[in-house]
Amino acid sequence: RHVQTYSVAMNYYLATAINDIVSYLYDRLMTFFVFAFLSIFFFFKQKTAYEIGVRLVGSEMCIRDRNC
């Protein structure tokens with residue numbers, strides 16, 4: 001009976017340890033995917049014609065006024 005109690009306690013300890021490891025890896029993996037998605041979305045987002053035009057007008061104003 002003493003051996004069986006030790007076995008149950010050991011199984012619980014191993015299950016808890018494995019659960020902690022899986023949870024940690026899942027959290028790290030989700031963090032990586034969120035970071036990768038945001039990086040792709042913001043760094044490779046296509047600019048619209050309006051955004052490009054506003055930047056050109058702003059740069060021309062800076063060159064003309066020389067106050068930038």
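## Questions on a predicted helical model

Modeller: Met 10 has its place in helix H1, which covers residues 2-43, and the model we are discussing is a predicted one.

Colleague: How many helices and strands does the secondary structure of the chain come to?
Modeller: Helix H1, where Met 10 sits, spans residues 2-43. Taken over the chain, the secondary structure comes to zero strands and two helices.

Colleague: Is Met 10 buried, partly exposed or exposed?
Modeller: The name buried is kept for values under 20%, and exposed for values over 50%. Met 10 has a relative accessible area of 34%, so the residue is partly exposed.

Colleague: Which residues make the nonpolar surface patch of about 490 Å²?
Modeller: A residue must have over 30% relative accessible area to belong to a patch, and Met 10, with its 34%, passes that step. The patch is made by Met 10 together with Tyr 13, Leu 14, Ile 18 and Val 22.

Colleague: What does the side chain of Ser 39 reach, and does Ser 39 count as buried or exposed?
Modeller: Ser 39 also has its place in helix H1, and its side chain reaches the backbone oxygen of Phe 35 at 2.8 Å. Because buried means under 20% relative accessible area, Ser 39, at 16%, counts as buried.

Colleague: How many aromatic pairs does a search of the whole structure find, and are the planes stacked, edge-to-face or tilted?
Modeller: The search of the whole structure finds one aromatic pair. The rings of Phe 32 and Phe 33 have centres 5.8 Å apart, and since their planes stand at 55 degrees, the pair is tilted.

Colleague: Does Phe 32 count as buried or exposed?
Modeller: The cut-off for exposed is over 50% relative accessible area. Phe 32 has 52% relative accessibility, so Phe 32 counts as exposed.

Conventions. Residues are numbered from 1 along each chain as its sequence is written. This is a predicted model: local features need pLDDT of at least 70, side-chain atom pairs count only at pLDDT 80 or more; totals for chains, interfaces and linings use all residues. Side-chain values use heavy atoms; hydrogens and water are left out. Patches are made of residues with over 30% relative accessible area and no salt bridge: like charges are joined within 9 Å, nonpolar side chains (Val, Leu, Ile, Met, Phe, Trp, Tyr) within 5 Å. Accessible areas come from the Shrake-Rupley method with a 1.4 Å probe; for residues, only the protein chains shown count as cover. A salt bridge is a side-chain nitrogen of Lys or Arg within 4 Å of a carboxyl oxygen of Asp or Glu. Helices (H or I, at least four residues) and strands (E, at least two) are DSSP runs, numbered from the N terminus. Buried means under 20% relative accessible area, exposed over 50%, partly exposed in between (1.4 Å probe, protein chains only). A polar contact is a pair of N or O atoms within 3.5 Å; within protein, one must be able to donate a hydrogen and the other to accept it, and residues adjacent in sequence count only if both atoms are side-chain atoms. Rings of Phe, Tyr and Trp (its six-membered ring) pair if their centres lie within 6.5 Å; planes under 30 degrees apart count as stacked, over 60 as edge-to-face and the rest as tilted.
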